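The sequence and coordinates are shown first.

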Amino acid sequence: MKIKEVTIRHLKMKLKNPFSTSFGTFVDKEFLLLEVTDERGTIGFGESVAFDAPWYNEETLKTNWHMLEDFLIPLILNKEIQHPDELGELFKGIRKNYMAKSAIEGAIWDIYVQQTNQSLAQALGGKKEKIEVGISLGIQETLEKQIEVVDKAIKDGYKRIKLKIKPGWDVEMLRILREKFPDIPMMADANSAYTLEDVGILKQLDEFNLMMIEQPLASDDIIDHAILQKQIKTPICLDESIHSLEDARKAIELGSCGVINIKIGRVGGISEAKKIHDYCEEKGIPVWCGGMLESGIGRAHNIALTSLANFVMPGDTAGSKHYWEQDIIEPEVIVDDGYITVPQESGTGYKANLDAIEGYTIASKTYK
Ligand code: OSB
Ligand code: MG
């Protein structure tokens with residue numbers, strides 16, 4: 001394929017419910033959506049998972065726009081590309097900025113699978129026909145409310161509950177939730193809210209039979225996580241710390257984690273995500289697919305990726321209606337009794353809803 005045109009759109013979608021983590025609260029989801037067209041007129045969509053502020057990592061939607069406009073789009077316009085795996089080499093001279101790179105890469109995968117007439121899952125080697133789905137629940141204002149949202153999620157069929165924690169909203173909250181819901185697979189995500197000085201608190205979480213604790217320590221750390229893992233029984237899952245296959249290798253060699261959360265945007269795209277998946281499979285490290293409150297475009301890519309064999313734990317890929325009044329794809333992502341059916345038709349299996357996209361767009365620019 002030869003890329004002829006790229007449109008960047010800035011979308012703003014209201015979340016049905018605000019989502020709170022240890023680092024802040026999301027009310028709206030603002031993000032960049034890319035529409036990429038090749039010389040045959042095939043259109044691919046990609047989503048950047050960078051947020052409007054640098055809370056989760058250093059990228060924002062504006063830094064992504066800058067990287068895309070000034071560096072990444074010029075590198076792909078009018079280039080002959082045979083396979084999306086080639087983008088790693090094309091983008092090699094540009095350090096980090098993984099979410100910006102991933103947004104283009106996702107759109108190129110979309111074009112590639114349409115033109116080769118296969119599903120995205122199939123192109124990646126994914127064999128699962130349906131995937132198990134979990135849900136990530138934000139910090140609530142009261143314990144009563146936290147119990148209520150967990151109860152609803154279990155009734156909705158979600159296979160695993162992830163609770164966000166932070167200092168002061170951890171041991172007691174988890175104890176009560178565990179008493180109320182003794183059997184549901186449960187985990188906690190701290191988004192880097194603790195340090196090794198909190199090891200006393202983190203040790204207490206071992207009582208609650210959690211599947212894992214996600215990213216308890218600093219967002220750029222793998223050393224202290226290895227020290228912590230020796231002192232707690234609950235497996236540590238790394239999210240923020242892993243940006244590449246190399247990071248995964250180092251973390252696993254150091255014993256910094258027992259599980260890895262793979263997010264396509266955080267690692268620079270689907271190709272790198274698959275490499276991390278394959279490496280973890282070889283090393284006996286289970287992986288699962290994280291979420292970044294994606295619209296349907298990014299969610300469709302997550303679903304295809306999760307069809308790979310070593311995604312052995314439910315992902316944070318809840319259904320469209322958990323997040324939005326109206327998603328930007330058709331059909332929307334439906335979770336049925338805790339499962340999503342992996343589309344088998346050519347492409348991602350979901351069509352962009354152009355009217356809905358238009359309605360959420362607050363700025364756009366086309367490059368050719
Ligand atoms: O740490 O996994 C995270 C949302 C925003 C930023 C970071 C994280 C999350 C989630 C939400 O946990 C997962 C989702 O529902 O998309
Ligand atoms: Mg996380």
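## Magnesium site

Along the chain, the donors of the magnesium ion (ligand 2) follow the spacing D-x24-E-x24-D. In this predicted model, the protein donors are D189 through OD, E214 through OE and D239 through OD, and they lie 2.1 to 2.3 Å from the magnesium ion.

D189 belongs to strand β7 (residues 186-189), whereas D239 falls in the loop between β9 (236-238) and α9 (245-254), so the pair ties together parts that are 50 residues apart in sequence. D189 has a relative accessible area of 1% and is therefore buried. D239 also counts as buried because its relative accessibility is 0%, where the cut-off for this class is under 20%.

## Aromatic pairs

The count of aromatic pairs comes to seven. One of them joins F26 and W55 in an edge-to-face arrangement, with 5.6 Å from centre to centre and 70 degrees between the planes. This pair links distant parts of the chain: F26 is in strand β2 (residues 24-38), while W55 is in the loop between β3 (43-47) and α1 (61-76), and the two residues are 29 residues apart. With a relative accessibility of 5%, F26 counts as buried; W55, at 37%, counts as partly exposed.

A further pair is formed by W109 and Y112, whose ring centres are 5.8 Å apart; the planes stand at 85 degrees, so this pair is edge-to-face. The angle qualifies because edge-to-face requires planes over 60 degrees apart. W109 and Y112 both lie in helix α3 (residues 98-115), and because they are three residues apart there, about one helical turn separates them. W109 and Y112 are both buried.

## Aromatic cluster

F26 and W55 also belong to one aromatic cluster, which is formed by F23, F26, F51, W55 and Y56.

## Charges over rings

Which ring does the charged end of K130 sit over? The ring is that of Y339, and the charged end of K130 is 4.0 Å from its centre.

An arginine takes a corresponding position over a tryptophan: the charged end of R160 sits over the ring of W288, 5.1 Å from the ring centre.

Technical notes. Residues numbered from 1 in each chain as written. Chains lettered and ligands numbered in written order. Predicted model: local features only at pLDDT ≥ 70, side-chain atom pairs only at ≥ 80, totals over all residues. Heavy atoms only, no water. Phe/Tyr/Trp six-rings, centres within 6.5 Å; stacked < 30°, edge-to-face > 60°. Helix = DSSP H or I, 4+ residues; strand = E, 2+ residues; numbered from the N terminus. Buried < 20%, exposed > 50% of the residue type's maximum accessible area, 1.4 Å probe, protein only. Lys NZ or Arg CZ within 6 Å of the ring centre and 35° of its normal. Donors = N, O, S within 2.8 Å, 3.2 Å for Na, K, Ca; no water.
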